Amino acid sequence: MESAWEIEGFERYSKLKEDTEADVAIIGGGMAGMWAAYLLSKEGKKVVLIEKDRVGRGETLYTTAFITEEIDTDLVDLLDIFGKKDARLSWQAGREAIDLIESVIKEENIDCEFERGSLFVYAATPEEFKSLEAEDKLARSLGFQTKLQKDLDLGFEHDGAWEIEDQAKFHPMKFFKGLLEASIRNGATIHERTEADRILGKDPMKVVTKDGAKITARDIIIATYKPFNNPAPTHFKKGMYVSYVYELRIKPGSVRRGMFEDLENPYHYVRVDQLNHKYDRMIVGGEDHREELKLPPKKNFTALDEYIKETFPTLEYVIASKWSGKILEPSDGLPLIGPVEPHIYVASAFSGNGMTYSAISGRILTDLIQGKPNVYTSLYDPQRSLSPKALLKKAKDYGGEFLGGAAKNIFK
Ligand SMILES: Cc1cc2nc3c(=O)[nH]c(=O)nc-3n(C[C@H](O)[C@H](O)[C@H](O)COP(=O)(O)OP(=O)(O)OC[C@H]3O[C@@H](n4cnc5c(N)ncnc54)[C@H](O)[C@@H]3O)c2cc1C
């Protein structure tokens, strides 16, 4: 599979061959595992991170790297399921994550094309505009900087757009490499081609690898995207989707630079950046469907192509790469971050917001392991029960996604 974000210059790290000890063992070398490794090693913890393949080649390589406080679950639904305080907290966590990402980029001098800017969610029909009005009203009442604009020139037709100011984007692999190198400078140890097989014992626990080496640690973080050992508290709380992405080369100025999303079901997301003096890079993604529906990828890429032609009818473009990736959706709209049993933590079900949730989970788990309070612990607690409202909403969404996406694309 291709990705727009492939870069050179990654060190290779040795396989773990002998038993070792750590304060914290981290399983999984993607964005989430690396954030935890960085923040914990910065606090002086002895960190050993193991990765079954090579670091940074999981779903993190296939992201589109919008960094937003607005999340895949509508604010109106968050209010309905979790109440006003938690709806506000969930956006506030995203806001703080954007600031944390920017401060680490500055502190560690990471050259990664980080750029602040607005996210525009646009309506294609008057009904969709009504739902944006409700989102905007609620966001502003909760204290966030958003605005609705009916006649905004985005360079393509729409029925009104909701602007969420001061969001961000970056080159995810350049950032990831910087975070990895900073973690190593802080003293973290990384082992590649080292797959966790099981967790044994209590106080201290051991992570046993497929090859039989053991890491004895007081705390263990499972950051394997979908928890590798399927802990009971996470059962029935997530569902896997597949999303499709095109990377296009376009003439500078032919589409406004920035981040855009629509409200179709399944939805589309577009990001336009300056690539060089000759081209802009336009990333267009979407047409998501449940993983269990084994659709031939060609049909979904065809649907994505139709979206591009309908939305940008005069656009001249060349396809530079295309890929698909997996998105793990939480069943009630918020991720699973925290302990599944004493001293064993997960960071999972980030939906399409893993850039902020990786930073958020790194911060929460570092605080929990140090015994410090963190205002977000109960919000993302993986042991929470799913409310009937959340389950009902998920069933409704699934019906809509199936008819709007999977069923529609079968006939492409
Ligand atoms: C197409 C697409 C678009 C996206 N767009 C956005 C976006 O615009 N903004 C946003 O915020 N998020 C987005 N996301 C989501 C985001 O990319 C992910 O949530 C995030 O990268 C997940 O990071 P991770 O570290 O949890 O997982 P991964 O990067 O998958 O890392 C997990 C690692 O664990 C390793 N592993 C698995 N099992 C074991 C084991 N037993 N032992 C050792 N290692 C193991 C894997 O090899 C892997 O390297 C997108 C995702 C996709 C697919």
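Me: Helices (H or I, at least four residues) and strands (E, at least two) are DSSP runs, numbered from the N terminus. How many helices and strands does the protein have?

Reply: This is a predicted model, so local features need pLDDT of at least 70 and side-chain atom pairs count only at pLDDT 80 or more, while totals for chains, interfaces and linings use all residues. Residues are numbered from 1 along each chain as its sequence is written. The DSSP runs come to 9 helices and 17 strands.

Me: What radius of gyration does the protein have?

Reply: The radius is taken over C-alpha atoms, and the globule rule is 2.2 Å times the number of residues to the power 0.38. With 412 residues, a compact globule would come out near 22 Å. The protein agrees with that, at 21 Å.

Me: What box do the C-alpha atoms of the protein fill?

Reply: The box is taken along the principal axes. Its dimensions are roughly 60 × 50 × 40 Å.

Me: Among contacts between residues at least 6 apart in sequence, what percentage join residues at least 24 apart?

Reply: Two residues are in contact if their C-beta atoms, placed from the backbone, lie within 7 Å. Of the contacts in question, the share joining residues at least 24 apart is 76%.

Me: Which residues of helix H2 are buried?

Reply: A residue is buried if 20 or more other C-beta atoms lie within 10 Å of its own, exposed if 12 or fewer, and partly exposed in between, with C-beta atoms placed from the backbone. In the protein, 47% of the 412 residues are buried. H2 spans residues 75–82, and its buried residues are Leu75, Leu78, Ile81 and Phe82.

Me: Leaving aside neighbours within four places in sequence, which residues is Leu78 in contact with?

Reply: Leu78 sits in helix H2. Leu78 counts as buried because it has 23 C-beta neighbours inside 10 Å. Beyond four places in sequence, its contacts are Thr73, Ala87, Ser90 and Gly333.

Me: Is Asp74 buried or exposed?

Reply: Asp74 belongs to the loop between strand S3 (66–67) and H2. There are 20 other C-beta atoms within 10 Å, so Asp74 is buried.

Me: Which residues come nearest to the ligand?

Reply: A residue is near a molecule or strand if its C-beta atom, placed from the backbone, lies within 6 Å of it. There are 39 residues around the ligand. The nearest are Gly30, Gly58, Thr63, Gly325 and Gly354.

Me: Which element gives the most to the shell around the ligand?

Reply: Helix H1 (31–42), strand S11 (238–250), strand S15 (317–330) and helix H7 (354–369) each supply at least two residues. With 4 residues, the top contributor is H7.

Me: How do the residues of the shell around the ligand divide?

Reply: Ala, Val, Leu, Ile, Met, Phe, Trp, Tyr, Cys and Pro count as nonpolar, Asp, Glu, Lys and Arg as charged, and the others, Gly among them, as polar. The shell holds 15 nonpolar, 17 polar and 7 charged.

Me: Which residue takes a positive phi in the hairpin of S16 and S17?

Reply: Two strands pair if DSSP finds at least two bridges between them. S16 (residues 336–341) and S17 (residues 344–348) run antiparallel, joined by 5 bridges. Ile337 stands opposite Ala347 in S17. The hairpin has 2 residues between the strands, and phi is near 70° at His343.

Me: Is Tyr225 buried or exposed?

Reply: Tyr225 lies in the loop between strand S10 (214–222) and S11. Most residues other than glycine have a negative phi, and most peptide bonds are trans. Phi of Tyr225 is positive, near 70°. Tyr225 has 22 C-beta neighbours inside 10 Å, so the label is buried.

Me: What is phi of Ser351 near?

Reply: Ser351 is in the loop between S17 and H7. It counts as partly exposed because it has 18 C-beta neighbours inside 10 Å. Its phi is positive, near 45°.

Me: Which residue does a cis peptide bond join to Asp203?

Reply: Omega of this bond is about 5°.

Me: What is omega near in the peptide bond from Asn265 to Pro266?

Reply: Pro266 lies in the loop between strand S12 (258–261) and strand S13 (268–274). The bond is cis, with omega near 0°.
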